[in-house]
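Dear colleague,

Here is the structure I promised to send over. My notes on it follow below.

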Amino acid sequence: MSNDSFRAVNKEMAKKEEKNYANPRNLAAGTLRQLDPKIVKSRKLDSYIYEVYGNIGAKTHEEKHKILANLGFKTSKYVKYCKNISEVIKYCREVSKERPKLPFQVDGVVVIVNDNNLYERLGSVGKAPRGAIAYKFPAEQGTTKIIDIQTNVGRTGAITPFAVMEPVCLAGTTVTRATLHNEDEIKRKDILIGDTVVVQKAGDIIPEVVGSLPELRTGKEKKFKMPKRCPVCGGPVLKPEGEAVARCVAESCFAIEMQRVEHFVGRNAFNIEGLGEKIIEQLFQEGLISDAADLFALKEGDLEPLERFAEKSASNLVESIKMNKNITLNKFLYSLGIRHVGSITANDITNHLGSLERIKKASIQELEQIEGVGPVAAKSIYEWFRNKNNLRLLRKLKTHEVRVQNPKPKTQNPKLRGLSFVITGSLESISREEAEQRIRELDGKATSSVSKSTTYLVAGENPGSKLAKAEVLGVKIINEKDFLGLI
Ligand SMILES: [Zn+2]
């Protein structure tokens with residue numbers, strides 16, 4: 001992927017309001033996964049061929065390149081035979097210097113044994129041949145000036161400072177922003193607003209400020225101060241003793257609530273399609289929702305007057321929200337956006353405690369005993385379920401008929417798998433609830449109405465109309481004693 005095609009594709013993506021690719025490597029990989037050959041063609045992928053297998057009479061690697069070129073393949077003009085290691089080092093330095101001028105991005109040079117026999121004899125360690133090694137260029141660095149240090153607010157209220165910089169070209173793309181993580185990091189790197197700084201791309205993707213160049217200071221530089229008020233909602237910002245991160249603690253922070261909703265509808269949570277950032281923002285702005293639970297009360301008519309909503313997309317969205325009202329406990333727990341509870345932790349807790357009620361009641365000690373849950377997460381979960389607003393959200397979700405499915409208890413004995421039961425009348429030795437519970441434990445199904453797919457009707461004392469229905473449908477009827485024999 002050449003730098004030119006990379007820029008052109010990203011420009012098109014931006015026009016369609018789609019996310020840009022971070023670098024040509026991601027774009028090339030993403031293109032190869034495309035199913036539509038027209039899109040693949042439009043991306044202008046290209047390749048240089050450097051290897052050929054089988055007996056083609058080449059004694060050296062260099063010859064292979066010549067044969068490939070003669071056969072009409074595109075080969076790189078940067079292939080060079082070096083007589084010894086000092087020539088190799090010299091050539092690596094030369095390419096490194098030419099790197100910014102290349103029409104494509106490279107991250108290094110491959111040094112390979114030229115004698116094919118020798119290369120074969122050297123063999124390989126795992127998948128890595130002993131006869132070849134990559135010399136990687138250092139991350140590309142540049143210098144620029146910090147115009148300002150601003151902050152943004154994350155889902156957990158964390159306030160993260162980032163540098164606004166004069167545009168600088170790094171590893172093929174122009175960069176104007178870089179995260180600074182937190183206040184301590186800014187101090188450690190000695191960065192002032194107005195400083196000239198060295199920047200680089202970590203892993204050639206994420207821009208980062210390496211450090212400042214204090215010798216270039218003019219005296220007009222200013223120190224960054226963490227705002228005392230949230231940049232979004234104006235709520236109070238607190239930095240707990242011993243923690244690196246400052247947070248907005250306002251409970252109604254618009255940005256926080258918005259991002260909570262985004263998290264709530266995400267793929268590993270409620271997985272509601274068609275609810276992107278822009279639409280969520282609009283729903284908030286129009287006052288249609290004030291938290292995630294309100295989503296479940298949305299009606300097509302609420303949405304249609306909004307921009308971006310044609311009749312069809314409104315009904316699709318409402319439908320997709322409705323379809324996702326049933327959710328498994330682990331996904332539900334994750335969707336709540338409790339700090340320190342990611343998907344994996346949510347799974348661990350679900351497997352151990354098995355129901356929302358038990359999670360709600362669990363003590364810090366109980367939570368800490370779960371493998372994968374540390375003291376910090378335990379405290380965070382405990383406190384979440386003791387916060388009035390959170391409990392209100394849970395109640396609200398329940399009113400909107402959001403159903404949380406507990407994981408099935410692990411069946412030791414699935415002897416009733418595939419069988420379905422209906423109980424009618426009263427049983428002597430066991431209550432109906434207990435009987436149904438027992439059926440489920442044995443992996444059977446207990447339902448309340450008789451149908452063709454019912455395997456057994458259990459008839460107790462004073463059976464109701466279900467008995468007659470079972471007879472009509474030809475469902476097998478058993479008494480309490482037969483039933484007890486089965487369970
Ligand atoms: Zn706020």
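H8 and H9 are oblique to each other, because their axes cross at roughly 130° (oblique is what remains after under 35 degrees, roughly parallel; over 145, roughly antiparallel; and 65 to 115, roughly perpendicular). This is a predicted model: local features need pLDDT of at least 70 and side-chain atom pairs pLDDT 80 or more, while totals for chains, interfaces and linings use all residues. Residues are numbered from 1 along each chain as its sequence is written, and side-chain values use heavy atoms, without hydrogens or water.

Helix H8 covers residues 254–264 and helix H9 residues 277–285, and their axes come within 10 Å. In the contact (heavy atoms within 4.5 Å), Phe254, Glu257, Met258, Val261 and Glu262 of H8 meet Glu277, Ile280, Glu281 and Phe284 of H9. These residues divide into 5 nonpolar, no polar and 4 charged.

On the whole chain: there are 20 helices and 17 strands (DSSP runs, H or I of at least four residues and E of at least two). The radius of gyration, taken over C-alpha atoms, is 32 Å, well over the 23 Å that the globule rule (2.2 Å times the number of residues to the power 0.38) gives for 487 residues, so the chain is more spread out than a compact globule. Its C-alpha trace spans about 100 × 70 × 50 Å along the principal axes.

Regards

Definitions and conventions:
Axes fitted to C-alpha atoms, helices over the stretch in contact; angles between N-to-C directions. Nonpolar A, V, L, I, M, F, W, Y, C, P; charged D, E, K, R; others polar.
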